[in-house]
Amino acid sequence: MNIIVCIKQILDPEIPARDFRVDGAKRQAERGSANLVTNIFCENALETALQVRDAHGGKITVVTCGGVEAEEVLRKALALKADEAVLLESPIENPDPLFVARTLAAGIRKLEPFDVVLVGREAGDWGAGQTGGLLAEELSTPCIAFAESFAPGTEPGRLQVKRQTDNGWEGFESSTPLVITITNHDKNVPRIPKTRDVMQSYRKPLTKWPLAELGIDVDSNGGYSHIADLFVPVKETHCEFLSGDTLEAKVDALAERLAGIIRSI
Amino acid sequence: MPDVVACLWGRAGMDRAAQGLLGAGRRLAESLGEKLHAVVVGPVDPAAVEAARTAADKVVLVEDELLAEYNAENYLAALTAVCGQLAPRAVLLGNDVYSQELTARLAHRLGGSAAGDAVDVAIADGQLRATRGVYGGKATAVIALAKTPAVVWIRARAMAPAPARAPGEVELLSLGLAQDSRVSLISSHADAKEGVRLEEARLIVSGGRGLGGPGPFEQLQALAAAMGAQMAASRAACDAGWVPASWQVGQTGKKVAPELYLAVAISGASQHIMGIADSKVICAINRDPDAPIFKHCRFGLVEDYQKVIGPLTAKLGQHA
Ligand SMILES: Cc1cc2nc3c(=O)[nH]c(=O)nc-3n(C[C@H](O)[C@H](O)[C@H](O)COP(=O)(O)OP(=O)(O)OC[C@H]3O[C@@H](n4cnc5c(N)ncnc54)[C@H](O)[C@@H]3O)c2cc1C
């Protein structure tokens, strides 16, 4: 099976709120001392792909769209044993969702044939959650969102996909090619690369395609949407810490407060 | 020509999400001095249609046997056809899985632009602007949608319903959809969970990674039962497989808006807060006084949950 996994490099979402600043003029977060990391849902997507390849064979190509620093997330994917890596070199810092989807679609078309394209359900920075859907439209394939796993279907050229819903899950069977957006699940918690594989990943080849080679016009960014404002909201809530001389007194105080609210509704 | 279309799923009925969606749609339509149409897709509950009539100027029912069960490709084809005909300036959807799945694709097919997880929508400089949390809830962005229609899924559950008015007309639309045979639903499963849905719950007890395993979640469930509350969890607890993924609350989980949210052994990462910020009262039990969750709490207890849950359950059981 030919699997393409789209991954995105983002500012580490685990940085504490107190260290987080935005550059209002540039309308993006300040890098500060934060690391750049692979978006967690993209890691879930790669893990899902690795499991399918391990079980059924095939090839995994990871693709990202970004500047030179984005090479790092491709190296990490290679360390995790992705077979090939492609950087779609883009100078744009805050691309709009359609621009990203068009760029990825152009890169993916150069990689044809493929059976399935995986993307994370959304990114931990802008969280737009549009790449998968727009990519499917650009590639004219169906799309299944919020999947936790997939496997070969009942006949060649078909896949079975299990996805999360608001109250459980749904199973679909789809023809290929197909775009799937991957969400987190206890079965796709990303594996950690071995140190030796990390070192070796720097020796593996990495393909780079500039936008011009993909026929993408840099000026088309922003035609879909743009950030009109970005700010850190101020919200101060004062927490009353319940106290008491004994544990029992504290629990009583908590029970009283909770019971009061329960009675009032 | 309507300027605002709100898309509802027939099967969901007139729940809080549908009411909030129509409320948001009505406010946006009024600010534009235009009309609100509700488009109801899939099998329909007549009581829900009656309720929708009092919020929208017109209710368009899209019924087709291909829409009997949800299938993204068929639902997308139906929405594209209806919204294409109505040619609105804005299309609003709710914050359920189906809406989230379809929003960007619908925008693409209609030649518009999309945004998601909006907590507010408004018009400025002739463009629709969606306000939403970004960087895991650490910042707020206002996104200007350059192309029309603007297709936006919003956090409808937290929004006020539209005030009742004279009922609008109902139109039944038959589209004669062509079957998309590429994708078919082959199985589905609903997690066993008693009582009302989490998004509609007025009392929620939620557990985090600090509970350390599935066992303590059973204890927490006893507390929830004593309170008459629904259970939820942080992503870390769901990822660990202690509880089903459908319990997850947060940026990428459910967005809840209860009267009371009790967080037990949850640190309060910004991504978690994004799902609970609309709660009336947030309260936490955490042994770390510096846990960020307390910054969002009305009141809290700094303690080891293991010492608290048993006696608290007993106490609240007496009150009940
Ligand atoms: C893109 C993205 C999306 C995300 N979406 C979500 C989401 O939707 N929902 C979500 O919840 N998270 C989400 N996260 C993850 C989030 O950042 C946190 O990692 C997660 O919420 C942490 O869960 P937790 O608070 O249960 O665990 P921890 O952060 O490990 O906190 C455990 C807490 O338990 C306390 N504790 C430990 N032992 C005890 C004890 N005996 N008694 C009392 N207290 C104790 C500790 O003091 C600590 O505060 C997302 C992250 C990313 C990057």
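Because the model is predicted, local features need pLDDT of at least 70 and side-chain atom pairs count only at pLDDT 80 or more, while totals for chains, interfaces and linings use all residues. Residues are numbered from 1 along each chain as its sequence is written, chains are lettered from A and ligands numbered from 1 in the order in which they are written, and side-chain values use heavy atoms, with hydrogens and water left out.

Chain A comes first. Its secondary structure amounts to seven helices and 15 strands, where helices (H or I, at least four residues) and strands (E, at least two) are DSSP runs numbered from the N terminus. Along the principal axes, the C-alpha atoms of chain A fill a box of roughly 70 × 50 × 40 Å. Of the 265 residues in chain A, 52% are buried; buried means under 20% relative accessible area, exposed over 50%, and partly exposed in between, with a 1.4 Å probe and protein chains only. Take the contacts (heavy atoms within 4.5 Å) in chain A between residues at least 6 apart in sequence, and 71% of them join residues at least 24 apart.

Helix α2 (residues 71–79) is mostly covered, with seven of its nine residues buried. Among those buried residues are A:E71 and A:R75, along with A:V73, A:L74 and A:L78. Just past the end of α2(A), A:K81 takes a positive phi of about 85°.

The shell around the ligand holds 28 residues, and the closest are B:R209, B:S234, B:S267, B:Q271 and B:H272; a residue counts as near if one of its heavy atoms lies within 4 Å. That shell splits into nine nonpolar, 13 polar and six charged residues. Here Ala, Val, Leu, Ile, Met, Phe, Trp, Tyr, Cys and Pro count as nonpolar, Asp, Glu, Lys and Arg as charged, and the others, Gly among them, as polar. Three helices each supply at least two shell residues: α1 (40–56) from chain A, plus α6 (235–239) and α7 (270–276) from chain B.

A ligand oxygen sits 2.9 Å from a polar backbone atom of B:R235, and a ligand nitrogen is 2.7 Å from one of B:V249. At B:S267, a backbone N or O atom lies 2.7 Å from a ligand oxygen. On its own the ligand would expose 990 Å², of which the protein buries 89%.

Next, the charged pairs. Side chains of opposite charge can pair when their charged atoms come close. Over all chains, the structure has 39 salt bridges, each a side-chain nitrogen of Lys or Arg within 4 Å of a carboxyl oxygen of Asp or Glu. In one of them, A:R191 meets A:D54 with the closest N and O atoms 3.5 Å apart. This pair links distant parts of the chain, with A:R191 in the loop between β12 (178–182) and α5 (195–201) and A:D54 in helix α1, 137 residues apart. A:R191 is partly exposed at 33% relative accessibility.

In chain B, the side chains of B:D239 and B:R235 form a salt bridge at 3.1 Å, N to O. These two are separated by about one helical turn because they are four residues apart in helix α6. B:D239 is buried, at 18% relative accessible area. A network of salt bridges links A:E137 with B:E73, B:R105, B:R109, B:D180 and B:R182.

B:T140, in strand β7 (residues 139–145), is buried at 13%. Beyond four places in sequence, its contacts include A:D229, A:L230 and B:T131. B:V205, in strand β11, is buried at 0%, and among the residues it touches are B:L220, B:M227 and B:L262.

Methods:
A polar contact is a pair of N or O atoms within 3.5 Å; within protein, one must be able to donate a hydrogen and the other to accept it, and residues adjacent in sequence count only if both atoms are side-chain atoms. Accessible areas come from the Shrake-Rupley method with a 1.4 Å probe; for residues, only the protein chains shown count as cover.
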